[in-house]
Amino acid sequence: MKFIEKHSRILRICHWFNFFFLFLMIWSGILIYWAHQAYIVVPENVAEQLGIDHRLAEGMGWHFFIMWPFALNGIVYVVYLALSGDWKFLFPDRQSFREVIPVVLHDLKLRSHAPPIRGKYNAAQRVAYFMVILMGLGSLLTGLAIYKPVQVGWLTALLGGYPFARFLHFILMLGFVFFFIIHVIQVLRAGWNNLRSMIAGYEIE
Amino acid sequence: MRLNKRLLISLIVGLVLVVGFFTTFNYIQKGPKIDGAPSALRHSFMWNEKVWSILSSARRMSVKKPKPPKGKAPRVNGMLGLESPVDLKNYVVTVESGNKELKLPLGMFHLISKSSYSTDFRCIEGWSEETHYAGARFSDFMKYYDLGKKADGTYYQYVGLETPDGKYYVSIDMESMMHEQTVLAYEMNEAPLSLENGAPIRLIIPIKYGIKSLKRIGRIFFSDSRPPDYWAERGYDWYSGL
């Protein structure tokens, strides 16, 4: 039996706080989205069933409230990664990108051997976790661009204008949902030892 | 043994977090409200307003956009305050400033040099539309009729605007009203205002969400205490600055 300290306390705290904040951001974002369904139309009766209709004011209230702790949490996380050296576990190199497809094929049981894991995460995890940090930055910037399109008009213009920045903000949200689904499936597949490492920090091999 | 203890503590902390999260969420949602918004969210609106008043410049312009085709009908989104009958021939705007009360027929706005802009008009619902608009710049109007000043020569803090039937009303801070692009508009997309776009004269303030751009202005007044605002009373951010 081998005992491994896998995730530090600060990392775990950021992870679980992020779970709540991201959930609230997506939920309140959907309340806002309902008022002007630019990309996917939610039928009236579906919206009623889901209880998301006519809640724009509330959606905006929550969105522009939680954005502060959400952004702050993300910043703490990234600064921590940078200072602690943990970024080395996440940062994908050329080899990681090469290994993504073999890892995915292995997880889909279409390939018998997976490339060996280097550090904490396999190649697909590295790329996914790194991407999700970039997406967070993307959401922050596109969000700012549509939140204050006059004050940061230069940023809004840089991101292709108000409607396009809004579209990007929406696509990023779908990206988070997609990530979340895969992430949860993988956590369930990996089992308790792995999940425990994100709760108590340690793993036993 | 030590590891089990560590796991147990972590699980308890996690449980406290989850319970704390739901309790806080429920409290905010179901607790006291201020003007239709849960009080935490109302305070957050006000905090954001403060943050942005430090970070931002009141003079920053809404980015110029290409002119839409001449006469293109601007999008209509609601008829609040427009449903009562209106006599466009004898239309007057009542302006109250200190002891002064003016009844200004439409021609009086045409005396002021015409300003026009072309920029995004942004609705709080999320859509936006490139719009050209023209009329009397609000700051020019203030100077022309010497309005909005107190006895000591300083400006009032707020401007109130109302439709003639009083069913729609907004209040806006003086700084935003004096912004260069804030216009008492009588034309949109180079055509006279249509009835549903607020004929004969409306406000266009592109540095705020469209909910502040009151259509069919019947009354303009000034105050140091914030006049009522239709949407702010219904849970929306009063400032609504962009």
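**Figure 1. Polar contacts link chain B and chain A across their interface.** Across this interface, 10 residue pairs are in polar contact, both residues of each pair being at pLDDT 80 or more. The model is a predicted one. On the side of chain B that touches chain A, the elements giving two or more residues are α1 (2-30), α2 (39-55) and β5 (114-122) of chain B. The largest share of that side comes from α1(B), with 12 residues. By class, this side of chain B has 22 nonpolar, 12 polar and 7 charged residues.

**Figure 2. One salt bridge spans the interface of chain B and chain A**. The partners are R6(B) and E5(A). Their closest N and O atoms are 2.8 Å apart.

**Figure 3. Chain B and chain A bury area between them**. The size of an interface is often given as the accessible area lost when the parts come together. Here the two chains bury about 3,600 Å². Carbon and sulfur atoms carry 68% of that area. In chain B, the residues that lose the most area to chain A are R6(B), W52(B) and L242(B). Together they make up 17% of what that side buries. R6(B) is also the chain B partner in the salt bridge with E5(A). Counted by contacts, 41 residues of chain B meet 39 residues of chain A.

**Figure 4. The largest cavity has residues of both chains in its lining**. The structure holds 3 cavities of 30 Å³ or more. About 140 Å³ of space lies in the largest cavity. Its lining counts 13 residues. Nearest its centre lie F64(A) and Y147(A) from chain A, with F45(B), D237(B) and S240(B) from chain B. The elements giving two or more residues to this lining are α3 of chain A and α2 of chain B. α2(B) gives the most, with 3 residues. The lining divides into 7 nonpolar, 3 polar and 3 charged residues.

**Figure 5. The second largest pocket is lined by 39 residues**. Those nearest its centre are N77(B), I124(B), E125(B), I211(B) and W231(B). Elements of both chains give two or more residues to the lining: α1 (9-35) and α3 (56-84) of chain A, and β2 (37-38) and β6 (128-137) of chain B. The pocket holds about 740 Å³ of space. Its lining residues comprise 20 nonpolar, 10 polar and 9 charged. α3 of chain A also gives two or more residues to the lining of the largest cavity.

Note on methods
Residues numbered from 1 in each chain as written. Chains lettered and ligands numbered in written order. Predicted model: local features only at pLDDT ≥ 70, side-chain atom pairs only at ≥ 80, totals over all residues. Heavy atoms only, no water. 1 Å grid on protein atoms, 1.4 Å probe; cavity = no way out; pocket = protein on both sides within 12 Å on 5 of 7 lines; lining within 4 Å. Points joined across faces, edges and corners; volume = space filled by probe spheres on them. Helix = DSSP H or I, 4+ residues; strand = E, 2+ residues; numbered from the N terminus. Nonpolar A, V, L, I, M, F, W, Y, C, P; charged D, E, K, R; others polar. Contact = heavy atoms within 4.5 Å. Buried area = accessible area lost by both parts, 1.4 Å probe. Salt bridge = Lys/Arg side-chain N within 4 Å of Asp/Glu carboxyl O. Polar contact = N/O pair within 3.5 Å; in protein donor to acceptor, adjacent residues only side chain to side chain.
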